[in-house]
Amino acid sequence: MQLVICAIYSMSMWIFSAYAMQTHTQTRWKPEELLVYAQENDLRLPKYNYTIQQNGKNVLQARSTLNHHGACFDPEDPISKSFMADIADHRARKTSTSISTCVLEIGCGMGLLAKKVLASSAIRYDGNEPDYDNFYYVGLDLSKEHLAIATQEIAKFKKHEDFFMGVWDPYEGKFPYVSFGEETFTHIGAFHVGHFWTDEECIQSLKTFESLLMPDGKAYILMGNPHTQVYGPIPSLIYDVRKFFGTEFAGYVEDVPKIAEQLATMGLVPKEQIESPTFKEQIADHYLFVTPEDLCSLVKKHTALNIVYSGTINMHQGDKIMVHTGVIVKKESNYTVTDYLNSKK
Ligand SMILES: C[S@@+](CC[C@H](N)C(=O)[O-])C[C@H]1O[C@@H](n2cnc3c(N)ncnc32)[C@H](O)[C@@H]1O
């Protein structure tokens, strides 16, 4: 009897750990495999659904994701632009002894930013061996379909044979459950992805940025702000009330489709909005909205990273203001084991 119980116990533990591993593994794809996958499944960059304006000009085109995780945007906001400028600067300062530029973009979606960074770093062939090995761009996303589209977009640029660009290295996986080595990346980008984390994942993600960044490296975060107007007045109201009562994650909203349905029934959100195909394609189960102050206090509480910039980024979607939280953090060059241990307290 004891033997049977023991066998059942170890089998259930094995199944449990296999399940846990399966949900937390990362798969590294070869770009060629993703190109075949895109062709077999007839995947291509979708047409844009709407545009977003800044200072009266159309700046971003939004394309629905294929997995109900919002939309993929052109990288024209100021945080993406400083990310690109910082990478270009790192590449420009390169000497024969300096470290490679190693970028990780989490939630890279359909590769709109990756393509732009890789294309702008391309070097025209001048008869010498190119040193494109010196520039790695790791794109991590939950969706293999998105990665396949991203690879297709990047490959369009690579067709120009007299150009060499960095190495595009696509991974399927979920941040922060990743197994990249410590101090691997010079730059980390997280654009329009942090609002899909849970509160625990948000803390874990900040800690993971700290361990994955090389000293002198920076992480760029652009995520949803509770005072955005595009989801109606409710997220902002819920946030303000909870904040008043001292809730740490005042902007965490669970079961969003159900809440949206209830709000529409109560007449607080237009029914047409939640019934529109774009809304249904883009809406996720839960959202985490944070203000720059919220994100900065989490960074200070859980890491020894320095805050280089924090602020709100305002854009317009039609007549509504779309508010984002932008934060840039840095692991200082004199970062020590003591800093690391202090951040673990
Ligand atoms: C709103 S889209 C933004 C895509 C891209 N960053 C952009 O700005 O166009 C969010 C993307 O993040 C991915 N994603 C969401 N949560 C993720 C996570 N925890 N780890 C990795 N990717 C994630 C989704 O699959 C989706 O492609």
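**Stop 1: Pro176**

Select Pro176, in the loop between β9 (167–172) and β10 (185–191). Strands here are DSSP runs of E with at least two residues, helices are runs of H or I with at least four, and both are numbered from the N terminus. Look at the peptide bond from Phe175 to Pro176: it is cis, with omega near 5°. Most peptide bonds are trans.

Before moving on, know what is on screen. This is a predicted model, in which local features need pLDDT of at least 70 and side-chain atom pairs count only at pLDDT 80 or more, while totals for chains, interfaces and linings use all residues. Residue numbers start from 1 along each chain as its sequence is written.

**Stop 2: the whole chain**

Zoom out. The protein chain has 12 helices and 15 strands. Of its 345 residues, 36% are buried. Buried means 20 or more other C-beta atoms within 10 Å of the residue's own, exposed means 12 or fewer, and partly exposed is in between, with C-beta atoms placed from the backbone.

Next, consider contacts, meaning pairs of residues whose C-beta atoms, placed from the backbone, lie within 7 Å. Take the contacts between residues at least 6 apart in sequence: 77% of them join residues at least 24 apart.

Now colour by pLDDT, the predictor's confidence in each residue, from 0 to 100. The chain's mean is 86, and 86% of its residues reach 70 or more. Select residues 8–22. Here pLDDT stays under 50, and the model has 0 contacts beyond four places in sequence for this stretch. Where pLDDT is low, the predicted coordinates should not be read in detail.

**Stop 3: the ligand**

Select the ligand and the residues around it. The shell holds 23 residues, and the closest are His69, Gly70, Cys72, Gly107 and Gly109. A residue belongs here if its C-beta atom, placed from the backbone, lies within 6 Å of the molecule. Two elements give two or more residues to this shell: β4 (71–73) and β7 (135–141). β4 gives the most, with 3 residues.

Colour the shell by residue class. It divides into 12 nonpolar, 9 polar and 2 charged residues. Nonpolar covers Ala, Val, Leu, Ile, Met, Phe, Trp, Tyr, Cys and Pro; charged covers Asp, Glu, Lys and Arg; the others, Gly among them, count as polar.

**Stop 4: two positive phi angles**

Select His68, in the loop between β3 (57–64) and β4. His68 has a positive phi of about 60° although it is not a glycine. It is partly exposed, with 14 other C-beta atoms within 10 Å.

Then select Asp255, in the loop between β12 (252–253) and α8 (256–265). This residue is not a glycine either, yet its phi is positive, at about 45°. Asp255 counts as exposed, because it has 11 C-beta neighbours inside 10 Å. Most residues other than glycine have a negative phi.

**Stop 5: the largest nonpolar core**

Show Leu104, Ala114, Ile188 and Ile221. They have the most contacts inside the largest nonpolar core, a set of 68 residues. Such a core consists of buried Ala, Val, Leu, Ile, Met, Phe, Trp, Tyr and Cys residues joined through C-beta atoms within 7 Å. Strand β11 (residues 213–224) supplies the largest share, 6 residues.

Centre on Ile221. Not counting residues up to four places away in sequence, Ile221 touches Ala190, Gly194, Leu295, Gly326 and Val327.

**Stop 6**

Step to Val327, in strand β15. Val327 counts as buried because 26 C-beta neighbours lie inside 10 Å. Beyond four places in sequence, its contacts include Ile221, Pro292, Leu295 and Cys296.

Now select helix α11 (residues 292–302). Which of its residues are buried? They are Asp294, Leu295, Leu298 and Val299. These four are on the same side of α11, because they cover an arc of only 135° around the axis. The arc is that of the directions from the helix axis to the C-beta atoms. Turn to the other side of α11: Glu293 and Lys301 are exposed there. The cover over the buried residues includes α6 (199–212), β11, β14 (306–317) and β15 (320–330).

**Stop 7: Gln54**

Finish at Gln54, in strand β2 (residues 50–54). Gln54 counts as partly exposed, because it has 16 C-beta neighbours inside 10 Å. Leaving aside neighbours within four places in sequence, Gln54 is in contact with Val59 and Met315. Gln54 and Met315 are 261 residues apart along the chain, but 4.9 Å separates their C-alpha atoms.

Conventions: Contact = placed C-beta atoms within 7 Å.
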